[in-house]
Amino acid sequence: MEFNTENYKDKLENKSILISGGAGFIGSWLSETLVNFNLNVTVLDNLETGNINNIKNLMGKNNFKFLKADVQNYRTEERFDLIVHAASIPSPDLYIKKPIETMLPNSIGTLNLLEICRKTDSTFIYLSTSEVYGNAELIPTPETYFGLVNPIGIRSCYDESKRFGEALCMAYFREYNLDVRIVRIFNTYGPRIEINSSYSRVIPRFIVQSLKNEDITIFGTGLQTRSFLYIDDLLDALLRMLTFENIKGEVFNIGSDKEIKIIDLAKIVIKLTNSKSSIKYLPPRPDDPVRRCPDISKAKQTLKWFPKTELNEGLIKTIYWIKENAR
Ligand SMILES: NC(=O)c1ccc[n+]([C@@H]2O[C@H](COP(=O)([O-])OP(=O)(O)OC[C@H]3O[C@@H](n4cnc5c(N)ncnc54)[C@H](O)[C@@H]3O)[C@@H](O)[C@H]2O)c1
């Protein structure tokens, strides 16, 4: 990872941290960064979508521990200074197939970790999602927007359980004055994102299809928009959220504020991979948001954070990694 991490290192030194979902894409990068900062890092993951290879270089280190368990059943007597809750099933193709398994870590899992934090007065960072906004009518979307979500739609297992998780965090903040911090992550990509399953997300799917010169599959017209953040920029934001003071009970949008149509993303990937792929349109997914782009003014102002990696630059790095790692 290339961003300057020195500023956070001193503030985090000698702390202990539990990272649920730490064998996944985001969690493993965070774990690796914090192990290198000399924190005592415990990863809790059931490997539902995560991959043990993501943390294999951490295994055996004195300040690293891996526990294979479900976050909703985890019990401990240990005290952690910080708990990051990243365990979830975040790929739409998979959460639509496994709605119950998706709801549990975001709801019961969040409750379980909040209770541990309450008993030990630990700081809790909840990895929420742009999907809490549903099919937002306000673009770019600020944190104050309430969301437009279908509570019984096929995506509700994910977006409603994340909303419930956020509400639980705020309940613990209001009732127990617990130090909770919520980050609403917008589509993030980079090395270690899941590529080898049929459930992979849009960027890895497009890259794998392009590298194989297979049709690039787009759900709907391709005119729906997203904004894509490179993993280094997300890590930078997470380190700020772990170390800043006076952000108790606050929620931040973290994402790129550059909106792009999915069809244009497909064309860029085809170009960057020098591919012969054509574009194939599939039926739209029900309740798929039409546009998605964050208003990141609050993160800019409070966390002094902004995304630094251009899409092309991040895609080139991701393509390189996928070429090396796709089976
Ligand atoms: N990557 C993104 O674009 C994005 C966007 C918005 C929100 N998020 C959130 O960030 C977090 C991390 O996402 P990611 O992209 O790294 O996904 P990921 O699938 O790579 O990581 C999630 C991890 O959680 C683990 N997990 C799932 N259910 C579990 C359970 N019941 N108990 C223990 N572990 C469990 C998985 O095995 C996996 O290692 C998630 O909470 C996700 O909702 C990610």
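This is a predicted model: local features need pLDDT of at least 70, side-chain atom pairs count only at pLDDT 80 or more; totals for chains, interfaces and linings use all residues.
Let's start with strand β5.

Now the polar pairs. Take aspartate 45. One of its polar side-chain atoms sits 2.5 Å from an oxygen atom of the ligand. Glycine 24 and glutamate 48 use the backbone instead. For glycine 24, a backbone N or O atom is 3.1 Å from a ligand oxygen. For glutamate 48, the distance from a backbone N or O atom to a ligand oxygen is 2.9 Å. How much of the ligand's accessible area does the protein cover? The figure is 96% of the 820 Å² that the ligand has on its own.

On to the nonpolar cores. The largest one has 64 residues. Leu34, Leu242, Ile254 and Leu265 have the most contacts inside it. Which helix supplies the largest share of this core? That is α8, residues 231–243, with eight residues.

Leucine 34 then contacts Leu12, Ile17, Ile19, Leu39, Val41, Leu239 and Leu242. There is also a second, separate core, with 21 residues. Among its members are Tyr74, Leu113, Tyr126 and Met170.

First stop, asparagine 112. You will find it in helix α5, residues 108–120. Its relative accessible area is 11%, so asparagine 112 is buried. Beyond four places in sequence, its contacts are Val71, Gln72, Asn73, Tyr74 and Arg75.

Next stop, threonine 318, in helix α11, which spans residues 311–325. Is threonine 318 buried or exposed? It counts as buried, because its relative accessibility is 0%. Which residues does it touch, not counting those up to four places away in sequence? They are Tyr189, Gly190, Pro191, Ile207 and Tyr230. Take glycine 190 from that list. In sequence, threonine 318 and glycine 190 are 128 residues apart. In space, their C-alpha atoms are 5.0 Å apart.

Why does arginine 192 count as buried? Because its relative accessibility is 13%, and buried means under 20%. Leave out residues up to four places away in sequence. Arginine 192 then touches Phe25, Ser28, Trp29, Glu32, Asn54, Asn57 and Trp321. With serine 28 there is a polar contact, side chain to side chain, at 3.1 Å.

Compare arginine 192 with isoleucine 218. They are 26 residues apart in sequence. C-alpha to C-alpha, they are 22 Å apart in space.

Finally, some backbone details. Arginine 192 comes up again here. Its phi is near 80°, a positive value in a residue other than glycine. Lysine 304 is not a glycine, and its phi is positive too, at about 55°. Where does lysine 304 lie? In the loop between α10 (297–303) and α11. Lysine 304 is exposed, because its relative accessible area is 56%, and exposed means over 50%.

From isoleucine 139 to proline 140 the bond is cis, with omega near -5°. Proline 140 is in the loop between β5 and α6.

Conventions: Residues are numbered from 1 along each chain as its sequence is written. Side-chain values use heavy atoms; hydrogens and water are left out. A polar contact is a pair of N or O atoms within 3.5 Å; within protein, one must be able to donate a hydrogen and the other to accept it, and residues adjacent in sequence count only if both atoms are side-chain atoms. Accessible areas come from the Shrake-Rupley method with a 1.4 Å probe; for residues, only the protein chains shown count as cover. A nonpolar core is a set of buried Ala, Val, Leu, Ile, Met, Phe, Trp, Tyr and Cys residues joined through side-chain atoms within 4.5 Å. Buried means under 20% relative accessible area, exposed over 50%, partly exposed in between (1.4 Å probe, protein chains only). Helices (H or I, at least four residues) and strands (E, at least two) are DSSP runs, numbered from the N terminus. Contact means heavy atoms within 4.5 Å.
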